[in-house]
Amino acid sequence: ALHSTFEFDLRLTAAKCSSYIHRAMPNILPGIPPFPPRFRVLAFGLLLGCGALLSGLFLFVAFSRIACPFEIDWLEGGVLSHVQRVADGLPLYSSPTLDFVSFIYPPLFYWFAAPLVHLFGAIFLPLRALALGASLASAALIFLIIRRETKSWPPALLGSFLFLATFKLNGNWFDIARVDTLAMALTLGAIAVLRAARSTWFPPL
């Protein structure tokens, strides 16, 4: 598989980055001496560069396999069959039969994807495009949340990059036809709205 060629294990990198991030941006964790001021810009620029590189690798893999006509993940075929049932007007959560047994996942992803199947046919590409779009929306929401909390764009950009850089660590599912990415984007969207709320009924978190 193409994505296997570009597998990158970030376990050690993540451990080192936690130290480098503090040293580039002091006041995050006590007890670790920060970089001298003249090196902070260089250190933070290096972090952003690494994050941008890993995010770029993720996007390369995602767009390289988005049109693959075969299952990338074992759940994709089942998800496509659920979307096809919605597109055909059939019930999702009916009694199990030899032909169809529904997943336990909620239906929102299937509802969003059904119009795309109407337009493009019962193929994986529109479902993967929806999942990839939700992952990129999550990265954008992380940027907005961190930007609002810190009043600074560099750590917000780094947060988005680090999120996309976990592609390998989370099982390579940011761009496959699964419900998870849409659920994550909607959750982050709710957090962003609640943090910015200015209502007596919904005070900020």
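Modeller: Leu157 is partly exposed, because its relative accessible area is 25%; this class lies between buried (under 20%) and exposed (over 50%), with a 1.4 Å probe and protein chains only. The model is a predicted one, in which local features need pLDDT of at least 70 and side-chain atom pairs count only at pLDDT 80 or more, while totals for chains, interfaces and linings use all residues. Residues are numbered from 1 along each chain as its sequence is written, and side-chain values use heavy atoms, with hydrogens and water left out.

Leu157 belongs to helix H7, residues 153-165 (helices are DSSP runs of H or I with at least four residues, strands are runs of E with at least two, and both are numbered from the N terminus). Between the C-alpha atoms of Leu157 and Leu144 there are 9.1 Å, although 13 residues separate the two along the chain.

Let us turn to the charged side chains. The whole structure contains six salt bridges (a side-chain nitrogen of Lys or Arg within 4 Å of a carboxyl oxygen of Asp or Glu). One of them joins Glu76 to Arg128, at 2.9 Å from N to O. Glu76 lies in helix H4 and Arg128 in helix H6 (residues 125-150), so this pair ties together parts that are 52 residues apart in sequence. Helix H4 itself covers residues 76-87. Both Glu76 and Arg128 are buried; for Glu76 the reason is a relative accessible area of 0%.

Since Glu149 is in helix H6 and Arg195 in helix H8 (residues 180-195), the pair ties together parts that are 46 residues apart in sequence. Glu149 has a relative accessible area of 41% and therefore counts as partly exposed.

A further salt bridge links Asp180 with Arg178, their closest N and O atoms being 3.0 Å apart. Arg178 is buried, because its relative accessible area is 17%, whereas Asp180, at 24%, counts as partly exposed. Together with Asp73, these two residues are linked in a network of salt bridges.

The rings of Trp173 and Phe174 have centres 5.6 Å apart and planes at 85°, so they form an edge-to-face pair. Trp173 counts as buried because its relative accessible area is 18%; Phe174 is likewise buried, at 1%.

Finally, Phe112 is placed in helix H5, and since its relative accessibility is 42%, Phe112 counts as partly exposed.

Conventions:
Phe/Tyr/Trp six-rings, centres within 6.5 Å; stacked < 30°, edge-to-face > 60°.
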